[in-house]
Amino acid sequence: MFNKIYIEKLKSNFSEAVRVILANKVRTLLTSLGIIFGVAAVITMLAIGNGAEKEILAQLELVGVNNIVITPIPDEKDDNENEEGSEGDALEAIRFSKGLDMLDVNSIKKNVPSVKSVSPEVVLETYVIKKGRQNPVKLIGVAPNYFETSNIAIESGKNFSYNQVENSLPVCIIGKKIEKKLFTGESAIGKQIKVKDVWLQVIGVIEEKFISDNAQENLGIRDMNLDIYIPIKTFLVRYKDRKTIMDKPIETGGGMIFISGQQQGPKQRIPRGNYHQLDKLVVQVENSSQLNATADVLSRMLKRRHNDMLDFEISIPIQLLKQQQKTKQIFNIVLSIIAGISLLIGGIGIMNIMLASVLERTKEIGIIRAIGATQEDVILQFLTESVLVSIGGGIIGIALGVLASYILELSTGIETILSVSSILLSFFVATLIGLIFGIAPARSAANKSPIEAIRHE
């Protein structure tokens, strides 16, 4: 019986609250603007945060958790840059680095105990010929452990065998988009493709992966779906090995290249360009706690092997990702503060308008109290109005937040992911704001007495 009476009271209060709200549509909308924008900011913030988390996890999978990346620095000094005549510069001039090469790979494997695997890469921008048409591709020379180190799964076919690697056989593993482009509607396994001047047999196809523009730009990750992979020895034997290239007879001194001539004065240094045999070296350590120490050891060891020339760069991708994550967290904190301020202003607006409503409806309050309404009834009536205003603003804010997330993804390319939990959280926050900020006006209304109604009259 008690529950039935209570439900009837709720229905009556709800109907009355709806009547009051509809009677003041514009005022109610203006009152709930803070709630609308606050909830929209919460929805957008959570969508951006979910998208950023997904992107970072995807990038982390691509670069590997425990990987250290070593990249060469080509010699690109100006042709007209003169060497100074001092003794120190003369010592600098006779330095010669062999560059990043396979000997470094073997040395790292042999001498650094914390290293789990070493994956060398060499890249050539070339073309593949199919039906008389040339399609640009990147040809990548890799070791068999490259796919494990880079978290790349071979969807069909198999990895390079020991025999194929050691004998530099013309075999390849291709990206999924290459298979779709060259072998539409059929499997590429076992078929031949001509890359530049060499026929290669396809022995595997890697699974397709989405690589964002952000990952390609910030982490140096290629779109592997468009790559063709061959054993690194096959690459060096059948395509290009920078260590064996000599364009023309030149005079060298102390390993540096100079222009000979009859003129007096300092000799001019000719830049060597990219003299490194390898384009990248990915070193995987056993434990992520060893990353910094191993990177330091690698730096000192390679510098010594390269005759004290720092012609390489070492980076730890996971640290770059952590920095990105920290930046995005700061952005989310700023958004949270904005959303919190908007919700606070919205709550204060609701409290203000409800207090004004109490003053306007003093006579009404006195009359309903005179005919038997209790203080609890009055509190429940005004709290219902407050919560309904807040919930209405919350619903509009949710719709606006969903729309803003969609527009943001289309216009900026930032991935946003909406979730049911974020929508429910926003709805709960909106309801809570209405409840909290409606208490003071509700109590103020409940304290009115029938005598005040007479006086007001």
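**Close-up views of a predicted model**

At 36% relative accessibility, Asn 307 counts as partly exposed; that class lies between buried, under 20% relative accessible area, and exposed, over 50% (1.4 Å probe, protein chains only). This is a predicted model, in which local features need pLDDT of at least 70, side-chain atom pairs count only at pLDDT 80 or more, and totals for chains, interfaces and linings use all residues. Residues are numbered from 1 along each chain as its sequence is written, and side-chain values use heavy atoms, with hydrogens and water left out.

**View 1. The loop between H11 and S12 holds Asn 307 and Asp 308.** Helices (H or I, at least four residues) and strands (E, at least two) are DSSP runs, numbered from the N terminus. Asp 308 is not a glycine either, and has a positive phi of about 65°. With a relative accessible area of 43%, Asp 308 is partly exposed.

**View 2. Helix H11 spans residues 291–305.** Its 15 residues reach 21 Å from the first C-alpha to the last, close to the 21 Å expected at 1.5 Å a residue; the expected span is 1.5 Å times one less than the number of residues. Which residues of H11 are buried? They are Leu 291, Thr 294, Ala 295, Leu 298, Met 301 and Leu 302. Seen down the axis of H11, these buried residues fall within an arc of 135°, so they line one face of the helix. The arc is that of the directions from the helix axis to the C-beta atoms.

**View 3. Helix H13 covers residues 362–370.** Thr 362, Ile 365 and Gly 366 are buried here. They cover an arc of only 100° around the axis, which puts them on the same side of H13. For Ile 365, the relative accessibility is 1%, so this residue counts as buried. Ile 365 and Ala 446 are 81 residues apart in sequence, and their C-alpha atoms are 8.0 Å apart in space. After H13 comes Gly 372, with a positive phi near 120°.

**View 4. The largest cavity holds about 120 Å³ of space.** A search of the whole structure finds one cavity of 30 Å³ or more. On a 1 Å grid over the protein atoms alone, a cavity is a set of points where a 1.4 Å probe fits but cannot get out, and lining residues have an atom within 4 Å of a point. Grid points are joined across faces, edges and corners, and the volume is the space filled by probe spheres set on the points. Which helices each supply at least two residues of the lining? They are H1 (2–23), H2 (25–31), H12 (317–360) and H14 (375–412). Among the lining residues are Asn 24, Arg 27, Thr 31, Ile 353, Glu 385 and Val 389. By class, the lining has five nonpolar, four polar and two charged residues. Here Ala, Val, Leu, Ile, Met, Phe, Trp, Tyr, Cys and Pro count as nonpolar, Asp, Glu, Lys and Arg as charged, and the others, Gly among them, as polar.

**View 5. Thr 31 belongs to helix H2 and lines the largest cavity.** Is Thr 31 buried or exposed? At 10% relative accessibility, Thr 31 counts as buried. Leaving aside residues up to four places away in sequence, Thr 31 touches Gly 346, Gly 349, Ile 350, Ile 353 and Val 389; contact means heavy atoms within 4.5 Å. Thr 31 and Gly 349 are 318 residues apart in sequence, yet 5.5 Å apart from C-alpha to C-alpha.

View 6. The 38 residues of H14 should span 56 Å at 1.5 Å a residue; its end C-alpha atoms are 54 Å apart, which agrees.

**View 7. Lys 194 is found in strand S6 (residues 192–195).** At 25% relative accessibility, Lys 194 counts as partly exposed. Not counting residues up to four places away in sequence, Lys 194 touches Tyr 127, Val 128, Ile 129 and Trp 199. Along the chain, Lys 194 and Tyr 127 are 67 residues apart, and their C-alpha atoms are separated by 8.6 Å.

Terms used: On a 1 Å grid over the protein atoms alone, a cavity is a set of points where a 1.4 Å probe fits but cannot get out, and a pocket is an open set with protein on both sides within 12 Å along at least five of seven lines; lining residues have an atom within 4 Å of a point.
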